[in-house]
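Take a look at the protein chain shown here. This report walks through its fold and some of its ring contacts.

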Amino acid sequence: MLKPKRLHVDENLVGMDSRLEEMNALLSMGSNDVRMIGIWGIGGMGKSTLAKVIYKQIAHQFEGASFLSNVREVVETDGLLELQRQLLADILGEKFVRRISNIDEGISLIKETLCSRNVLIILDDVSALTHLESLAGSYQWFGSGSRIVITTRNKHLLDVLRVDALYEVQKLKFKEAFQLFCSIAFKKNLPEDDYLNLSKRAVNYGGGIPLALKVLGSSLYGDDVNFVARILGSSAPSGIRVLNDKSLISISDNKIMMHDLLKLMGREIVRRECPTRPGRRSRLWDPEDVRDVLAQNTGTEAIEGISFDLSALGEIQFTTEAFNNMKGLRLLKVFRDELLSNDPNTVHLPEEFEFPSYELRYLRWDGWSLESLPSNFKGENLVELSLKHSSLKHLWKEKKVKCLDNLKVMDLSHSPYLVECPDLSVAPSLETLNLDGCTSLHEVNPSIARLKNLKTLNLGNCKMLHYFPRITGLESLEVLNLSGCSRLEKFPDIEANMEFLLELNLEATPIVELPSSVGYLRGLVLLNMKSCKNLKVLPGRICDLKSLKTLILSGCSKLERLPENMEGMEHLERLLLDGTSIRELPHSILHLKGLVLLNLRKCKDLRSLPNSICELKSLETLIVSGCSKLNRLPEDLGMLQCLRSLQADGTAITKPPITLVHLTNLRELSFSGCQGSTSNFWISALIFRLLHRENSDGIGLQLPSLSGLRFIENLDLSDCNLMEGTIDNKLCHLDRLEVLNLSRNQIVSIPADISRLSNLRVLLVRQCQQLQKIPKLRPSIKLLDACDCTSLMSLPIPSPMIIPQHQLVSTWLRPVEFMLWNCTGLYQDHVAMALEKLHRKLFPEIGYSIVIPGSRIPKWRWHENMGASVSATLPPHWLDNNFLGVALCAVFALEEGETIQQPGEIRCNFECREGPYFSHSITWTHSGDRVVETDHVCMMYQPRSQFVKSKSTYASVFKHIKAYFSLSGASHEVRKCAISLIYAQNSVIRSRL
């Protein structure tokens, strides 16, 4: 497990203890469910500091942890993709995540790798829903016990996400604010008497906002304003140091960060340089100011930096004359939001366009529209050159190359017309070269192979590239990416010392073999050859890669075997062989003592695993899913004491080894689809029922004892041809079980032992068409999915709510969902009676949702209406102490024979005449198409705690309420709907409206 990264936290932590106490209650660390917590407040209140302290306090309790600082700012400068990479790198500890080329790939990788891990993720300063959707879009992305903490100024985002708890950061009380101010201004808790009144005035002026108090305190400590003025003309290192000392900036991971409020203050200072004439200011960033200056040619030598977002500017024509007077220009940043990269807005440049470049240190111009840089371009002082998504064909207009002595970074990525790689012998200091997505590039200049300071070389997706020069230099190279180079059939020989190379990415190339010289890459940590479909064999010297931690061979469909001698790869942690033609693993695999993950998914020719695999004492995840010829697991499987996940779904295994019981650390076990022989099924079933024998051939999966799996959390036995009685007494010892999937089996009843599983949250019994009865469920249950159980006659009701003393009430308040599509054996009136029981037996703070077949509103006291909406007048004093919540009901009619082909959502939106209020929704998912044969009724209960948000006392003034119902995922009609307010009166549940 990786150690959490270290975060700098301000030493002056005032008022933190009480905040931590409240946050710890909301985090509910004793529960195994996935929880999302929102921290909300205005800028400067200390949201980020609180999140950092939480991270330092609890990160060590998780299998992986990531703190993503300044999400909004990073998205603006580097994009969401960079944040996804950082998130995965923090938790997995592997730099291979750099191979992610787009946000969708990042989402898939996050879900794939973190769904079984217990992780802590903190997203700091989130400002848009897209940030959440790309980094933490669903509870299902993360393993049991995970915690996601989100800080934001936008409370609406947290409402949309429906976080489990919301913490509003309050201003400091006067005593706390005074203490913080004095600790910074005077380095002690109290000021001298002469400063007492001044300090009180400053504290009152700061208004209890920590950031304001820090800045005010810093202004009294040390030197005066004149010194700050001198800083602005001093050298950069000393200036940065003093700004950091004054709390005006912070430095983390070698990156300079400034709070938004201070950034706004700095921009106001610049604006006041010349309020009415932006062309005389030192910096331009406002799109309208930029447009005015360039359109009216009012730029002057005072301008040192220009930065603006193209997506906010619209179409504009730049001219040489507009830039003529900007002789002091040092930074020019013309960028476009990556999420709007297809936006038609653009900058039009004349063919002979020129701009001052002698003083230029930084040039970024996304979508540069000319075929080359201007002929007068001077790059002597340039440190970074970025021309992404450009129309470049050649970097220089003439063959004569320019001097780029100070250049560190060149990014010409996604320039589809670039046919020639520039001669970079004139850029000896170059550290990063990015040509990713330059699809017309045929070959790279030989000068690249001699760049001694180059650390990152990205040639990914250069689809016309057919040649890479012999490597004779590149002694500092750390990352080499050639993924997606679909014409590169040969990887060059390595003739240089490349001891610093950490990552080699050859994904989706047509390479047939690797040169034996790859064995010289002794420092290599990641080798990615995913989807190299022509690769047939690996050189024996690949086993000399003693530092290799990740070897990805997924999708190498012609690869039939691994090298026999794997002894040298003792540090290998992740071996991905899924989708290969591997028939067997070498006996020497036992030497991979550090192996944590072995993925053999869909190795359709694999027939067996060597028993030596049981020597892998560090193995945590073994995946053999879809290995359709694999009919047994090693007998000594129980020796894998670190194994946490065993995925054997879709195999031919019918009798797991009895040593399975010894996998005491197992958290996830799947045998889904392990049906055994289905021939003569009914005869076998009859024999089984007559003889009550569990070892009859052809009956399906024959489970050994599971009593030792005391930490198992997720058990999938779906589609295993299980008969009535085959799992009796198998589940009673699984105290930690949270998710149980018994779907598509032949069982008539669920074992009564299930009532003893105190942590069971999800029970899936979909398409068990013979299932008639489900025993009483524990109050921990949050989802029962019995869709298409056509023989089910009654609805199980959870046991009375008794909350363990060591767990908080909030742990148990997640909504309960009953998904009963096509359960035609259920009677609506029986379910209506269950509503009363739900209110009496469950905590009134728990919401629930039920979907059952039916075409009428159940008998109860409702306010009904035909169609998709219902309105009601709220009674006087409706929000009294007896108010429990709101009950809702709707009848959905689907077109005859309608097939639901995608996951859908039933949603109810509420609206009060006094203004929009909130929405409540439930979701349902399914595997494969589902034909909905009849109308269905959806009933929901929204508890008071959700209906009336904390601190929303204004809700009592509402006089009218309207509810809208909708269903996505299928053509439908809402025939009628109803609403009712629920009250407790003399211990009896009553409804009103």
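What follows goes from the whole chain to single side chains.

## Ground rules

This is a predicted model, where local features need pLDDT of at least 70, side-chain atom pairs count only at pLDDT 80 or more, and totals for chains, interfaces and linings use all residues. Residues are numbered from 1 along each chain as its sequence is written, and side-chain values use heavy atoms, with hydrogens and water left out.

## The whole chain

The chain has 18 helices and 43 strands. Both are DSSP runs, numbered from the N terminus: helices are H or I with at least four residues, strands are E with at least two.

Of the 993 residues, 52% are buried. Buried means under 20% relative accessible area, with a 1.4 Å probe and protein chains only. The chain exposes about 43,800 Å², and carbon and sulfur atoms supply 48% of that area. Accessible areas come from the Shrake-Rupley method with a 1.4 Å probe; for residues, only the protein chains shown count as cover.

Now consider contacts (heavy atoms within 4.5 Å). Among those between residues at least 6 apart in sequence, 60% join residues at least 24 apart.

## Aromatic pairs

How many aromatic pairs does a search of the whole structure find? There are 18. Rings of Phe, Tyr and Trp (its six-membered ring) pair if their centres lie within 6.5 Å; planes under 30 degrees apart count as stacked, over 60 as edge-to-face and the rest as tilted.

F308 sits in strand β9 (residues 305-309), while F318 sits in the loop between β10 (316-317) and α15 (320-323). F308 is buried, at 1% relative accessible area. F318 is buried too, at 1%.

F318 also pairs edge-to-face with W365, at 5.7 Å centre to centre and 70 degrees between planes. W365 belongs to strand β13 (residues 362-365) and F318 to a loop, so this pair ties together parts 47 residues apart in sequence. W365 is buried, at 2%. F308, F318 and W365 are among the members of one aromatic cluster, which also includes F323 and W396.

## Charges over rings

A charge sits over a ring if NZ of Lys or CZ of Arg is within 6 Å of the ring centre and within 35 degrees of the ring normal. The charged end of K333 sits over F335, 5.1 Å from the ring centre. R541 lies over the face of Y520, 4.6 Å from the ring centre.

Terms used
Buried < 20%, exposed > 50% of the residue type's maximum accessible area, 1.4 Å probe, protein only.
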